[in-house]
Amino acid sequence: MSSDTLAKVPAAADTPELADAPRIVPRRRYGQWAAAVAVLALLGFAVDSVLRNQAFQWDVVADYFTTDSILRGLWLTLWLTAVVTVLGFALGTLLAAFRLSANPVLRAVGWGYVWLFRSIPILVQLLLWFNIGALYPQVFGVKTVNLLTPVAVAIVGLTLHEAAFAAEVVRAGILSVDRGQIEAAQALGMSRWRRWWRIVLPQAMRSIVPPAGNMLIGTLKGTSIVSVIAVNDLLFSAQLIYHRTYQVIPLLMVATLWYAVITSLLGLGQHYIEKYYARGTENTR
């Protein structure tokens with residue numbers, strides 16, 4: 001195109017239709033900005049009060065944060081969380097299979113278990129198992145007091161409680177898979193085991209992982225309740241120290257910070273696992 005031709009092309013301002021077109025102006029969201037400023041101001045005030053409040057004794061928190069007793073309690077908390085989660089989901093998967101079974105007896109047993117252990121508070125369950133010797137002094141000729149140590153009571157009580165909720169998570173994940181997927185696999189002649197492993201499970205995991213991750217984090221925090229039966233977990237270790245030093249707030253902050261660190265790491269791992277199983281969907285961020 002020559003320079004003469006370009007000179008004849010009218011500018012946008014010279015065109016009457018374009019000159020008279022209304023301007024598009026972004027909407028002023030004064031309420032949102034005001035709310036954001038108010039929230040930031042309150043957050044800043046809260047952080048400042050925490051950092052400046054001498055009662056927190058952050059120097060004491062730093063001294064006790066990595067002491068041997070705290071780290072031993074942290075290790076027991078992590079170990080207890082892992083054991084309870086594995087055993088709870090193993091039993092929960094079996095209960096989910098019961099609830100999805102065509103056998104009415106198995107369905108009734110699965111439903112009854114879930115109903116019972118979801119109805120009893122976890123603290124009540126732990127106390128009942130801790131005092132089981134009053135009901136059954138001996139089991140197979142062994143004294144119950146010697147058989148069920150506080151750690152064993154914690155594992156049994158937390159696992160039975162975890163399994164009731166894990167059963168519903170697994171059952172919901174399996175039911176979320178479209179029935180047509182299973183029928184298509186059957187039409188292709190795939191075996192029952194291969195259908196579950198290659199078709200049902202990968203799709204069910206998209207629905208299982210988010211609540212399972214939340215349950216894992218909840219189990220980690222829930223292990224703190226075992227301190228009532230003298231299990232030397234993270235919280236109980238902090239309590240032993242502040243009962244001796246009377247520095248209650250700093251030691252509670254030590255436990256709080258460790259719980260926050262571990263739950264943050266678990267949440268990060270959950271994010272990447274969810275992203276892995278969400279491959280092929282529209283939103284994988």
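Thr77 lies in helix H5 of this predicted model. At 0% relative accessibility, Thr77 falls under the 20% limit and therefore counts as buried. Setting aside neighbours within four places in sequence, Thr77 contacts Leu220, Thr223, Asp233, Leu234 and Tyr259.

Leu158 sits in helix H9, which spans residues 150–175. Its relative accessibility is 8%, so Leu158 is buried as well. Leu158 and Thr223 are 65 residues apart along the chain, yet their C-alpha atoms are separated by 7.9 Å.

| Residue | Helix | Relative accessibility | Contacts beyond four places in sequence |
|---|---|---|---|
| Thr77 | H5 | 0% | Leu220, Thr223, Asp233, Leu234, Tyr259 |

In soluble globular proteins, nonpolar side chains tend to be buried together. The largest nonpolar core here has 19 residues, and the members touching the most other members are Tyr64, Ile70, Leu234, Leu251, Val254 and Trp258. At least two residues of this core come from each of helix H4 (58–64), helix H5 (68–99), helix H12 (234–245) and helix H13 (248–277). The biggest contribution is that of H13, with seven residues. Leu251 has contacts with Tyr64, Ile70, Ala238, Ile241 and Tyr242, again leaving aside neighbours within four places in sequence.

Two packed helices are described by the angle between their axes and the distance between the axes. For H6 (residues 104–119) and H9, the angle is about 125° and the axes are 9 Å apart. An angle of this value falls between the perpendicular range, which ends at 115 degrees, and the antiparallel range, over 145, so H6 is oblique to H9. The crossing of the two helices is left-handed. On the H6 side, the contact is made by Tyr113, Val114, Phe117 and Arg118. On the H9 side, the residues are Leu160, His161, Ala163, Ala164, Phe165, Ala167 and Glu168. Sorted by class, the contact between H6 and H9 consists of eight nonpolar, one polar and two charged residues.

Note on methods: Residues are numbered from 1 along each chain as its sequence is written. This is a predicted model: local features need pLDDT of at least 70, side-chain atom pairs count only at pLDDT 80 or more; totals for chains, interfaces and linings use all residues. Side-chain values use heavy atoms; hydrogens and water are left out. Buried means under 20% relative accessible area, exposed over 50%, partly exposed in between (1.4 Å probe, protein chains only). A nonpolar core is a set of buried Ala, Val, Leu, Ile, Met, Phe, Trp, Tyr and Cys residues joined through side-chain atoms within 4.5 Å. Contact means heavy atoms within 4.5 Å. Axes are lines fitted to C-alpha atoms, for helices over the stretch in contact, and angles run from 0 to 180 degrees between N-to-C directions. Angles under 35 degrees count as roughly parallel, over 145 as roughly antiparallel, 65 to 115 as roughly perpendicular and the rest as oblique. A crossing is left-handed if the near helix is turned anticlockwise from the far one by less than a right angle, and right-handed if clockwise. Ala, Val, Leu, Ile, Met, Phe, Trp, Tyr, Cys and Pro count as nonpolar, Asp, Glu, Lys and Arg as charged, and the others, Gly among them, as polar.
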